[in-house]
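Me: Hi! Could you walk me through this structure?

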Amino acid sequence: MTLSRQDIVRIGLGEQDRLLAYIFAIVHDDHIAEDVFQETFALAVEKTERIHDAEHLVRWLRVTARNKSKEALRTRAKSPQVLDDAVIDSLEPHWDAIDTDAHSAQIAALRHCMKQLTPNLRKYIELRYTKGLSGKALAEATGRPLNTAYTSVARAHRTLEKCIRARLEEGHDNQGADHV
Amino acid sequence: MSDRNHEFDAIVLAWRDGALGDEEFAALQERLLADEAARAAFTAALYRHRQIQRVMLVEDAPGILEATPEVPDDPQPESYPIYRKGYEPAANRMRPHHALAAIAAALVIVGVVVTIALRSWDTTPSEGTEDPTPPVPVATLIESTGDLTVPHGYADEGADYAAGDYALSSGRAQFVLTNRVTVDLQGETRLRMHHPGSVYLEKGQAEFKVPKDATGFTVHLPDRSHIVDLGTSFRVEVDEEGRAKLRVLEGSVAWNATDTADAKAEPIVLVAGQTALMIDGVPTPTANPGLVAYWPLDDGPTGATVTGADDVIDDPDHPATDATVEGEGDTWVEDADRGIVLSTTATGNLLAGTQGIRGDFTWSLWIKTDELSHHVVMGNRGGSNPWNKLTTVGLNSWATVAPPESDFGVADGDWHHMVVRRAGDSVAVYIDGSPVGKPVKVDSEQNAPLHIGGDKIFGERVTALLSDVAVWDVALTDDRIAALASGGPVVLPEPNATEEPTLEDRDQQANQSRQRVGDKD
């Protein structure tokens, strides 16, 4: 049994966030990560006959993405802060632990929780992610020390994570009835 | 490490930015190898970062951003030091003053690097670390004929631009992204480009041509759905209310609605020629893909001399091609079966424009005549080759072997439905819903103006009543042709239409069609 092209697209898109985070952990470059993701995704769509089922697809995407990431690191300018292979290996089981089954609900909860942030934390999140500011630019934009900028974004992350977890446990976004 | 904490997350974020010093980076690696909780926190932080990045790509932040102190502009694109290998931006030719600036910047960076190297490991990112990841170009501006606003500078053709918001107030602008995706903006359009592989179309019209190795290119939309390329070209329009319309020009794409919690629908895969709208959170193929022109030929009033005929279909690619009259003698008449119709004579015909058709097409019309002749019922001969010419006895095409002429059986004084359909390199004729004769081979594009009811140049005008002439830029299916022949409407009701069309009442259908001008598919 193989997956249809439509199945590949659906499952692949559900995996997009985890896979991009995984690739970034290897290549340490957003653009290379996007390229590797696209190459991997294109290959999956093209080679549907190689994919047996959803579980196989997730494993296949991961292995292929890692191979292509390594290939990209060999052929492109490499960031000086690429993690060692031993570190990448040690992270593998933790990627599995990330729950992507509730992906849509997580995104909906994230949107809701974003609105629950304090104005100050939301400002940091917006500057970081809407304007794409690095920590240094963020510090300059807010007039705060660099440490404060990073810690504020980290605090916003953690607040969002708690909120998402609580919201999912309450079952709010599983039905989508109160989607914001 | 028993639990995640802000400080460690801050270090991960700083690593993500490439802002850690060497010792800090080494310490991070050691910690990840030694501490399982740190590994869990690390992967969770990167995953959450990605999710927030995606959500924020399509979120507006009115008010807050404006109230935030402005960040100094980044350097001009030419001075960005980081380019992806194998990518040579057109504008990456450093000018003398830029070279001096680069040397100065390099000295500053070297100094900072030395400073960083001397810093000891801390649990928080280093204060004052030079940001080593300035904006990287994501797009090259190829052409702009309108008023274009780009991030970090002026809109210069050939220049490279970083991630940010691109706003076109009028005209057209074409970009090539670093992954060779071509983006054409048309009219008032706002596009947010964060990565070459992922953009957000906030408003307006954009056409994307995606090379095979960039499959997976994603367009996010205001309704929180996203379109994923599967190796193709496609056009997306987003109106003022954020409603999106997708037209696939080549290949196929997937439209995914799973970003919305209330839309559990599977992504739909659309192929060339198909159009879809987002309806109640679900991508829905439209009912009239490829319908580019429709002349109901009921303009009237009865008895009036024909001066032209209204094409009730219009869209950006196929502007309405209202027909004009050539010659004289054609009139509007009342028919017992079909209401007001065109009575065309041996001295007049209609001339409609081209529809920009380059490949497959379908012509459809109703005819009532007793003339068995080589005179043109509908055709595009005259002025340029190649052409097709439909008569009551056959179909002729330029540079092809004409089929054995035969009596199509339409010259009996009753109404008949005629269709010419090109599918690939073959053109076939359908009479009353069934194929007749032998298909004709064609090997080139046919895009000359259409003649309806005759051909002025060659004086080949048919005497007949004509009604409901329509053109599609796709090959209609046999079932669709059969439905037309059995009296079905040319314009099918869209999925979101609240009123069912009245099949029996052709006048009402034509009126409904007129109301859809600009919303053909």
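Me: What should I know about the model and the numbering before we start?

Reply: This is a predicted model, in which local features need pLDDT of at least 70, side-chain atom pairs count only at pLDDT 80 or more, and totals for chains, interfaces and linings use all residues. Residues are numbered from 1 along each chain as its sequence is written, chains are lettered from A and ligands numbered from 1 in the order in which they are written, and side-chain values use heavy atoms, with hydrogens and water left out.

Me: Give me one from chain A. Where do A:Glu161 and A:Arg165 sit relative to each other?

Reply: They are four residues apart in helix H9 (residues 146-170) of chain A, so about one helical turn separates them. Helices (H or I, at least four residues) and strands (E, at least two) are DSSP runs, numbered from the N terminus.

Me: And is A:Glu161 buried or exposed?

Reply: A:Glu161 is buried, with a relative accessible area of 13%, while A:Arg165 is partly exposed at 45%. Buried means under 20% relative accessible area, exposed over 50%, and partly exposed in between (1.4 Å probe, protein chains only).

Me: Switching to chain B: which residue forms a salt bridge with B:Asp335?

Reply: That is B:Lys368, with the closest N and O atoms 3.4 Å apart. B:Asp335 lies in strand S19 (residues 331-335) of chain B and B:Lys368 in strand S22 (residues 361-368) of chain B, so the pair ties together parts that are 33 residues apart in sequence. B:Asp335 is buried, with a relative accessible area of 6%, and B:Lys368 is partly exposed at 24%.

Me: What about B:Glu207, which residue does it bridge to?

Reply: B:Glu207 forms a salt bridge with B:Arg235, where the closest N and O atoms are 3.6 Å apart. This pair also links distant parts of the chain, with B:Glu207 in strand S7 (residues 198-209) of chain B and B:Arg235 in strand S10 (residues 233-238) of chain B, 28 residues apart. B:Arg235 is buried, with a relative accessible area of 8%.

Me: Now sheets. In what order do the seven strands of the open sheet run?

Reply: The order is S17-S18-S21-S29-S23-S24-S25 in chain B, and the pairing is antiparallel. S17 and S25 of chain B are the edge strands, each pairing on one side only. Two strands pair if DSSP finds at least two bridges between them.

Me: Zoom in on S23 and S24 for me.

Reply: Strand S23 (residues 378-379) and strand S24 (residues 388-390) of chain B pair in the antiparallel sense over two bridges. B:Gly379 stands opposite B:Lys389 in S24(B).

Me: I also want the hairpin. How many residues are between S14(B) and S15(B)?

Reply: Two residues lie between them, and B:Asp280 in the turn has a positive phi of about 50 degrees. Four bridges join strand S14 (residues 275-279) to strand S15 (residues 282-285) of chain B, and the two run antiparallel. B:Met278 stands opposite B:Pro283 in S15(B).

Me: Which residues does the cis peptide bond join?

Reply: B:Gly300 and B:Pro301, with omega about 0 degrees. B:Pro301 is found in the loop between strand S16 (291-295) and strand S17 (308-309) of chain B.

Me: Last one: which residues form the negative surface patch?

Reply: B:Asp337, B:Asp370, B:Asp407, B:Asp412, B:Asp414 and B:Asp432 form it. Patches are made of residues with over 30% relative accessible area and no salt bridge, with like charges joined within 9 Å and nonpolar side chains (Val, Leu, Ile, Met, Phe, Trp, Tyr) within 5 Å. B:Asp407 lies in the loop between strand S25 (395-397) and strand S26 (415-423) of chain B.

Note on methods:
Accessible areas come from the Shrake-Rupley method with a 1.4 Å probe; for residues, only the protein chains shown count as cover. A salt bridge is a side-chain nitrogen of Lys or Arg within 4 Å of a carboxyl oxygen of Asp or Glu. Lys and Arg count as positive and Asp and Glu as negative; His and the chain ends are not counted. The place of a charge is taken as NZ of Lys, CZ of Arg, CG of Asp or CD of Glu.
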